[in-house]
Each structure stands twice: as C-alpha cells, then as structure tokens.
Amino acid sequence: MLRPEDNMLLTQVGRGTPMGELFRRFWLPAIASADIEERDGAPVRCRILGEDLIAFRDTDGRVGLVSTWCPHRRANLFFGRNEENGLRCVYHGWKFDVGGTCVDLPSEPPTSNFKNKVKISAYPTIEKGGLVWTYMGPPELQPEFPHYEWAEVPDNHRVINSSLVECNWLQTLEGDIDTAHVSFLHRPLEQGKALKWARFVPNFGEYVAKDKAPSLTVKETDYGFVYGGRRVGGEDDYYWRFSHWLMPSTSETPGSVERPGRIVVPIDDFHTTSFAFVWHPHRALSAEEAIANDRTVHQPLAPFELPDGYIIDTRRSSLVKENDFLIDRKVQKTKRFSGIYGTPPEEDRAMTETMEPVLDRSKEHLGTSDVAIIAMRRRLLRVAKDLQKGIEPPLASRPGSFRTRGFDVVSTHGDFNTAVEECAEEIMPPRAEAPATEPV
C-alpha cells in the first residue's frame, strides 16, 4: 500500500514534478534510429515526459529533437519541409536547425535581424545501440552517456523494438521486475513443450510450474538493485532468475541465450513508450533468433491520437483492450495459463493496461512476492525527494554502473550470494570505473 501523495509523486512526469525532474537527469531513448533513417526524410511526432516534440534527420545525418510548435504562429512542424540542414515551417517559411536556431526567416524583410532573436526549444541527441537518445535536463548537468553493454555490441548482436503501452510508466515497469508472475501468466499448460519465444534454460517451464512461490531476494546496488528469484526443483537443484532494475526505468530480465531488457519512457502520465532490446554479448544473433525477437519488423510507425488530440507516431499491437487481447478461453483451459496467444510482453500489457491508467496503489495488498516492487518504489521516492532538496542523483554521473545482464541458471546453490558469485561475470560484467559509494 502506498500513500496517495507518494503515488502521485511517482507517477506524474511533467516538467516541475519530482519524478519528471528525476527523469530529466538521465539520457532517455526518444526514437529508434531505423525509424528516422532517411536524411531529409519525414519528421516523426513524439511526446516525451509530457512535451510535444518533432524528431528529424538533417542533410548531414544529425538528428534534431525540437518543439512541435513553430514559435511564429504555433503551426505544427510535423508538416514542415525537411531540407538543407533544417526544418522549414510550411506556413510562413521559418526554418530551424537541429539545435533550434532560426536559420532563415523569409517572411521578414532582408534587412531585418529578427531571426537572430528567434529560437525554438531543442534537446541534444546521441545515437547509440540502434536508438536516438536525448537529455532533457539542465544543460550544465548533462551527464556522460551511460555504458550500457547491450548498446556497445555490434548491430548484428542486437534487436530493438519500440511500441506503445497504454498506461502509466510505473505499472508497466513493475511487471518487469515481478518474477513471481512467471509461474502463472507466462506458463504453458502442456508440460515439456518449449515455447517458441522462450529464451530461458530449456526446462524452465518445469521449475516455474512446480514452485509457484519462489524465494525472492533484493540486493541494492549503486544503479538500483539486482533481484533473484529461486525456485526449487529438488535436493541441490535450484532454478535462479536474476533481474536488474536500473534507475529510473530500465529493466534487464533473465535469458540464458539472448539477453532481454527494456527501457520505458513516459509519454505523459497515462501512456508510455517501450524500448525493448534483445542481444547477445559474444556473437551475432542468428537469422532465426533475430526474426523471433523482432516483433515489429513488418510494422511501420503509425499515427495514434492521444486523448488531448495530439498525434504521435508509434506502434500499437493488434492485441489491445478493445478486443480483450484476443483471449481464447479454450486455449486458457488447454494450452496457456493466460489464454492469450501472444508474446510475454503482450500478456504483461493485458494485465497492466487493464488496471486503471494510473494505478491507485493505496488500494493494493502486497505480499512477500512483491519485495522488488516495494524496494523500487522506496528507492525512487528517496531519490526524487532528495532531488527536491537539491541533491542530484549520483547514478546519472556514473556511466559505468549501467553494465548489467539479466540471467537465469540452474544451480546446486540455494543461497543467493553464493549463486550470484557463481554467475558474477554473466550478471555483472566488469565495469570501466569503480563502483559508486552511494549509501543504500
């Protein structure tokens, strides 16, 4: 149970809110590079942390992320001409570069210096790991880009997906760090039958079906925490699922072969963009692996109207609230515990999107299976409240702390610390800098 005022603090992300300001201290994904690949191509409409933005790639290949609204008459720059290293408003021809500087103002006399006084809001961008990232905080506090290992491997080691989630950012993230639900929501009913999407140890289904109340341990770290769920198969036979939460909104979940993870970026208080990645630390993904994990390969960006009328360009699954996520009651009785013939992320969305758009956590009744969710909320509240007092989040300036990997393994060790030590190089690969000393 969470007090209503704390729930509001955690879920509101607009400029000036505690959580909105915390998000603005970190580099955040804005759009997949592949979705804005063409130089002088079509602009893309975004909303990030409640701010309406346009992304475009200029003639020289640089990506701009600027305000949607032309400062002249507030025309929508989505309809602008992307040409000659700038985005030109089609209403009166005002043109802006990727930094937001007005570089041409043809509707004013040639002798006018008015264009030197006009600027549009713009945010810095970096391309890394198949994504365009932006920093939306105070320029003087802009941190070094985080050393995500998955973003540093060759492109053919990695698959990126972006999609719309129709609920508040926190409740979709909480699903990622809840390992107990795997025994239910994602469980096949046909014993011994491997699911085509499974990236886990081959017999994981037997463990999650046998032990539905895993022993859970959370160990706080400088980046957030590492979270272990232990299921007992027999004497000296334990199935461990190790997940990470990286502040503010990154999760890396278990996978013995390809390593999955996700960063959720608030669109506003009621919608979220999910940036999912699947990667291998040592080799290229096979064609079969790449196809199996690229759920949006044939789905282009499409317009989606938000409740206030603003339109963003995004991807929306065909499994949505309006069609009850295509639940099949026969499948629910015979093949899949959920009855939803989709991927695990779609099963997760069926749960989180059909809660309230912003979950009222004052009405929850949490149990022992929720230790990671409780730990994350407490940490976020502490850091957000510290920021209100002028204490900057230490993690933002510690890029080496972002090197983590989700992992699952069958082990003879039932002790969390022993199991972590056994798999240390797979769970926390060597960092380029010393660990942080933030008190936890």
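These are my notebook entries on one chain, from the whole fold down to single residues.

**Basis.** I am working from a predicted model, in which local features need pLDDT of at least 70 and side-chain atom pairs count only at pLDDT 80 or more, while totals for chains, interfaces and linings use all residues. I number residues from 1 along each chain as its sequence is written, and side-chain values use heavy atoms, with hydrogens and water left out.

**Whole chain.** I looked up the secondary structure and found ten helices and 21 strands, taken as DSSP runs (helices H or I, at least four residues; strands E, at least two) and numbered from the N terminus. The radius of gyration is 23 Å, close to the 22 Å that the globule rule gives for 440 residues, so the chain is as compact as a globular protein of that length; the radius is taken over C-alpha atoms, and the rule is 2.2 Å times the number of residues to the power 0.38. I also noted that the C-alpha trace spans about 85 × 50 × 45 Å along its principal axes.

Of the 440 residues, 57% count as buried, where buried means under 20% relative accessible area, exposed over 50% and partly exposed in between (1.4 Å probe, protein chains only). I then checked contacts (heavy atoms within 4.5 Å): among those between residues at least 6 apart in sequence, 63% join residues at least 24 apart.

**Charge.** I recorded 54 positive and 65 negative side chains, the centres of the two sets lying 2 Å apart; Lys and Arg count as positive and Asp and Glu as negative, without His and the chain ends, and each charge is placed at NZ of Lys, CZ of Arg, CG of Asp or CD of Glu.

**Helix α7.** I looked at α7 (residues 344-352), where seven of the nine residues are buried, so the helix is largely enclosed by the rest of the structure. The buried residues include the charged E346, E347, D348 and R349, and their cover includes β12 (158-165) and α3 (169-176).

**D222.** I found D222 in the loop between β13 (215-220) and β14 (224-234), where it counts as buried at 9% relative accessibility. Its side chain makes a polar contact with the side chain of S401 at 2.5 Å, such a contact being a pair of N or O atoms within 3.5 Å, one able to donate a hydrogen and the other to accept it, with residues adjacent in sequence counting only if both atoms are side-chain atoms.

**R382.** I placed R382 in helix α8 (residues 371-388) and noted that R382 is partly exposed, with a relative accessible area of 33%.
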